[in-house]
Amino acid sequence: MYNAVYPVPGNETKLPFYLSGIGRTSPEFHIKRDSGLSSHQFLFTKKGRGILIVKDRRYTLEKNSLLYLPPGLPHEYYPESGEWSTCWIVFRGDMLTDIMKKMGFEREMIAANADLTGFEKLYNRLSGLAADNLHSSKKCSLLIYEAVLLAGDIFNGKKSADNTGNMIVDEAVRYINEHCCADISLNELSELSGVSPQYFGRLFRERLNMRPMEYIARIKVSQAKIMLLDSKIPISEISEKLGYTSPTYFGIVFRKYEGISPSEFRKNKGTVI
């Protein structure tokens, strides 16, 4: 049985995370990718046992194991015995490689005999949304982000559902993603979370390896790129829509993360990145 959905990418390619494929393979194939994938991949074993080879490293993937593979990493995997059944997610995103590295996803990662209850629920929700390519891209983006956070906890041996700090940051991230066009401050986020700004900032850095205001800036820049390419709205108006009080400061932030000004990005239709 091979069930897969590969959404046709559109505007969602400018989101921090977007789904490039999701599926279930039973039995799993013998896969050899000399150049790796172009996407990030999560794969978990539902049944049976498989073997993963990365360079001179060999891993056994048994039931309830979770695997992460970064883009461009040559690898090979195949069933070891019997029927090896897997579920997998492949995803990409604007500035994703940098974000994933800051969150600790730099090479292959394997968690054996893990509690995948929460991860499988996210997989099932993503699978249900994947076919609706026109209306589900933002929902999928948020779910992939949740899956990345949960996978990080699984690889680190944590149970995120029992970790109050992680829950505080996850709720704050959802709020930022939903209100990215507002002028969000650290004090506002800490008040919503019910903790001090200093404590909230520390929790956020521990969870995402970046400061809250950096994450907000990255999300705003991603939204700005969508507006710059998909509309003729003046840059000063885009700046205002994103909650910046000064177009000049908006330009400074944009250049910091993209290496060029908003006007240059628009002129080159996003090709100079």
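A residue counts as exposed when its relative accessible area is over 50%, as buried when this area is under 20%, and as partly exposed in between. In the predicted model described here, Asn113 has a relative accessibility of 69% and is therefore classed as exposed. Asn113 belongs to the loop between β8 (109–111) and α2 (117–130), and its phi is positive, at about 50°, although the residue is not a glycine. A positive phi, near 70°, is also found at Asn64, likewise a residue other than glycine. Asn64 is placed in the loop between β5 (57–62) and β6; its relative accessibility is 31%, so Asn64 is partly exposed. A further backbone feature is the cis peptide bond between Ser26 and Pro27, with omega at about 0°. Pro27 is part of the loop between β2 (18–25) and β3 (31–33).

Confidence was examined for the protein and its elements. The mean pLDDT of the protein is 88, with 95% of its residues at 70 or more. The highest confidence is that of strand β6 (residues 66–69), at 97, and the lowest that of helix α4 (residues 164–178), with a mean of 84.

Helices α7 (residues 212–230) and α9 (residues 247–258) pack with their axes 10 Å apart and at an angle of about 95°. Angles of 65 to 115 degrees count as roughly perpendicular, and α7 and α9 therefore fall in this class. On the α7 side, the contact is made by Glu214, Ala217, Arg218, Val221, Ala224, Lys225 and Leu228; on the α9 side, by Phe250, Val253, Phe254, Tyr257 and Glu258. Of the residues in this contact, 8 are nonpolar and 4 are charged, while none is polar.

Ser193 is located in helix α5 (residues 186–193). When residues up to four places away in sequence are left out, Ser193 touches Ile168, Ala172 and Phe200. Between Ser193 and Ile219, the separation is 26 residues in sequence and 20 Å in space, taken from C-alpha to C-alpha.

The structure contains 0 disulfides. For Cys87, which takes part in no disulfide, the nearest cysteine sulfur is that of Cys140, 16 Å away. Cys87 is buried because its relative accessibility is 0%. Cys181 is also in no disulfide, and its nearest cysteine sulfur, belonging to Cys180, lies 4.2 Å away. A disulfide requires the two sulfur atoms to be within 2.5 Å. With a relative accessibility of 34%, Cys181 is classed as partly exposed.

Key:
Residues are numbered from 1 along each chain as its sequence is written. This is a predicted model: local features need pLDDT of at least 70, side-chain atom pairs count only at pLDDT 80 or more; totals for chains, interfaces and linings use all residues. Side-chain values use heavy atoms; hydrogens and water are left out. Axes are lines fitted to C-alpha atoms, for helices over the stretch in contact, and angles run from 0 to 180 degrees between N-to-C directions. Helices (H or I, at least four residues) and strands (E, at least two) are DSSP runs, numbered from the N terminus. Angles under 35 degrees count as roughly parallel, over 145 as roughly antiparallel, 65 to 115 as roughly perpendicular and the rest as oblique. Contact means heavy atoms within 4.5 Å. Ala, Val, Leu, Ile, Met, Phe, Trp, Tyr, Cys and Pro count as nonpolar, Asp, Glu, Lys and Arg as charged, and the others, Gly among them, as polar. pLDDT is the predictor's confidence in each residue, from 0 to 100. Buried means under 20% relative accessible area, exposed over 50%, partly exposed in between (1.4 Å probe, protein chains only).
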